[in-house]
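Okay, everyone, thanks for coming. Let me put the structure up, and then I'll walk you through a few side chains.

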Amino acid sequence: MTIGTLAITIAWVPFADPEQVAMLGAVAAIVLGYTGIRFAVAFGYLPAGLSRGADGQEIGVRRVRQQHRLESRSWLEFTVDGRDRWLPVYFDSALVTLTPRTAEIDGRAVSVDGRRMYPSGRVRDSEPVGRLVDNPERPDPEAIGRTGSGRRVLLDAQSAVVGPFAGLLWVYVAGGGSVAFVAATIVAAATATWLSAVRGSDPS
């Protein structure tokens, strides 16, 4: 998604005036920078808060799926020192059939049954907003087949609804006519879709 968003943004540069080029450059810089931060958290180069009382332990975890407006994410719920905590993780097909298990927390990595899970944000001490859906006690193997890349893109693309509004706002503020509106709409839609994906959307 990051590469696609950057490609769409850069593709409009030849048709843009200097002010629009600056705006496109700012969008590209934000996309690259935020993606870098997310990767750094996922691979443990930046802390996700796992060291707070859980480092080096084996703890019981369960997967919950959050549904809040257009947002859908996977979380690992666990208890440390008598307090419930929630860690957002990038979607993995293994999460769909995950029943309560023991996870190993080593440094800044989380492994469930020897499979590493990649954090998509920091540990929370409060329950995520929205509706939380527990995994069934008896996993459905067919559920994995309903989590393909097409479904994931479709889920992320719901956020693209903001595109036309961003296009209208850009034309109102900076002018530019119909070409500027189309460009701003497409770039905003691509950026919104990318943001949903990079934050760890869950297509299940």
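This is a predicted model: local features need pLDDT of at least 70, side-chain atom pairs count only at pLDDT 80 or more; totals for chains, interfaces and linings use all residues.

Let's start at arginine 63, which sits in strand β1, residues 58–68. Is arginine 63 buried or exposed? At 4% relative accessibility, arginine 63 is buried, because the cut-off for that is under 20%. Its side chain makes a polar contact with the side chain of aspartate 202, at 2.5 Å, and another with the side chain of serine 74, at 3.2 Å.

Now, salt bridges. How many are there in the whole structure? The search finds seven.

Take arginine 199 and glutamate 71: their closest N and O atoms are 2.4 Å apart. That pair links distant parts of the chain, 128 residues apart, with arginine 199 in the segment after α5 and glutamate 71 in strand β2. Arginine 199 is partly exposed, at 26%.

Next up, arginine 115 pairs with aspartate 92, at 3.0 Å. Arginine 115 is in strand β6 and aspartate 92 is in the loop between β3 and β4, so this pair ties together parts 23 residues apart in sequence. Here aspartate 92 is buried, at 15%, while arginine 115 is partly exposed, at 39%.

Then there's arginine 101 with aspartate 113, at 2.1 Å, N to O. Arginine 101 lies in strand β4, and aspartate 113 in the loop between β5 and β6. Aspartate 113 is exposed, at 54%.

Conventions. Residues are numbered from 1 along each chain as its sequence is written. Side-chain values use heavy atoms; hydrogens and water are left out. Helices (H or I, at least four residues) and strands (E, at least two) are DSSP runs, numbered from the N terminus. Buried means under 20% relative accessible area, exposed over 50%, partly exposed in between (1.4 Å probe, protein chains only). A polar contact is a pair of N or O atoms within 3.5 Å; within protein, one must be able to donate a hydrogen and the other to accept it, and residues adjacent in sequence count only if both atoms are side-chain atoms. A salt bridge is a side-chain nitrogen of Lys or Arg within 4 Å of a carboxyl oxygen of Asp or Glu.
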